[in-house]
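Open the model in your viewer and keep the selection panel handy. We will go from one stop to the next, picking a selection each time and looking at what is there.

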Amino acid sequence: MKHLRVPATSANVGPGFDTLGLAFEWFLECYFTKLPENGTLEMEIEGFGKKYIPVTKENIIYKAYARVFKYKNIETYGLKININNSVPIARGMGSSSSAIVMGILVANSLLNNILTQDELLQLAYELEGHTDNITAALLGGFITSGVVNGQVKAVKFNIPGNLICTLIVPDYELSTVKARKVLPSEISFKDAVQNNINTSMIVSSLSKGDLKLFSQFLTDYLSQPYRAPLVKGITKIQEIARDCGFLGACISGAGPTIILFTEKNKSTDLEPIKKILKDEKINFTIYKDINFINYGGLDLLSKVR
Ligand SMILES: Nc1ncnc2c1ncn2[C@@H]1O[C@H](COP(=O)(O)OP(=O)(O)O)[C@@H](O)[C@H]1O
Ligand SMILES: N[C@@H](CCOP(=O)(O)O)C(=O)O
């Protein structure tokens, strides 16, 4: 069996809609091997989604796996795969991208690394539809990405060692498809300019490790104003996040998870934030002191026996 881990990810990082991503030290994990008969599948899932994620060829891990064989015009190898999913689903932590990247990397591994990094990125992007999560899941770190002439391009930066986060994961799901439907087709020039400024300052401050500067440019004018009604508590939490000792708060990916960026070893107070969530009548789980990683699924494949 081989063993693979693919990180969960947080897309957008405030204003960087569809272009910025961060990889968490938090994984979708699997053990897999080739079965003798082509086209067969034996799949088991533990963890989040165990009760409702299909263990059939409809599973997106398998769809991504099969896509690689189709792309290379090779008959799909039989697959036995045991999945352990600790990534909350439809919460804005990139679960679908981790699943797609896993399927592609499993296929690539069984095909003796037939694909280049560019091909891996390209196939993953075509299945997911946006580049921010899949690039972070594949390569890790802090990623800027985009598509030019149909081709995915990504630039990776190391994440400052003193940047960690706290995640507030509500008990309700919000699919990325639904959260994209509320976005407008146009925004004002003023908002576009401010978003432009904020995104470039997030990239430059994070790449230089200047967390103070980073904390001042997290406001998003592209998606958050329209998604706020779907992400309970976000506006009020953002207003008080810095007073509570955090660097700032934003929606993780398409939500509904709220990410509170934190400087390591700085004291923070979650109580006022919990009160806001309580007033909004939200059930949630808080994950404190989550680390980021500078490696991705591409680096995390190992042969265990
Ligand atoms: N481990 C997994 N295996 C198979 N499918 C998964 C897995 N994780 C997520 N998915 C699929 O991805 C969907 C959620 O994707 P999406 O709405 O983009 O939310 P997220 O923010 O979690 O990526 C789920 O409904 C499920 O179909
Ligand atoms: N840029 C996308 C990111 C979606 O991330 P997810 O973790 O919610 O899948 C968006 O904001 O729609």
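Which helices and strand each supply at least two residues of the shell around ligand 1? Select helix H1 (60-71), strand E4 (78-85) and H2, and you have them. The labels follow DSSP runs numbered from the N terminus, with helices (H or I) of at least four residues and strands (E) of at least two.

Before going further, a word on conventions: this is a predicted model, in which local features need pLDDT of at least 70 and side-chain atom pairs count only at pLDDT 80 or more, while totals for chains, interfaces and linings use all residues. Residues are numbered from 1 along each chain as its sequence is written, and chains are lettered from A and ligands numbered from 1 in the order in which they are written.

**Stop one: the ligand shell**

Now show everything around ligand 1: 22 residues surround it, each with its C-beta atom, placed from the backbone, within 6 Å. The closest are Ser-95, Ser-96, Ala-99, Ser-175 and Thr-176. H2 gives the largest share of this shell, four residues. Colour the shell by class and you will find ten nonpolar, eleven polar and one charged (Ala, Val, Leu, Ile, Met, Phe, Trp, Tyr, Cys and Pro count as nonpolar, Asp, Glu, Lys and Arg as charged, and the others, Gly among them, as polar).

**Stop two: the two domains**

Colour domain 1 (2-158) and domain 2 (163-291) separately; these bounds come from an automatic or database domain assignment. Both domains give residues to the shell around ligand 1, so the ligand lies between them. Their C-alpha centres are 25 Å apart.

Next, select the contacts across the domains: 23 residues of domain 1 meet 29 residues of domain 2, a contact being two C-beta atoms, placed from the backbone, within 7 Å. On the domain 1 side, strands E1 (2-11), E2 (20-35) and E5 (142-148) each supply at least two residues. E2 gives the most, with four residues. By class, that side has 13 nonpolar, eight polar and two charged residues.

To see the contact, pick Ser-96, Ser-97, Ile-100, Val-101, Ile-104 and Asn-108 of H2 with Leu-120, Leu-123, Ala-124, Leu-127 and Glu-128 of H3. This contact has seven nonpolar, three polar and one charged residues.
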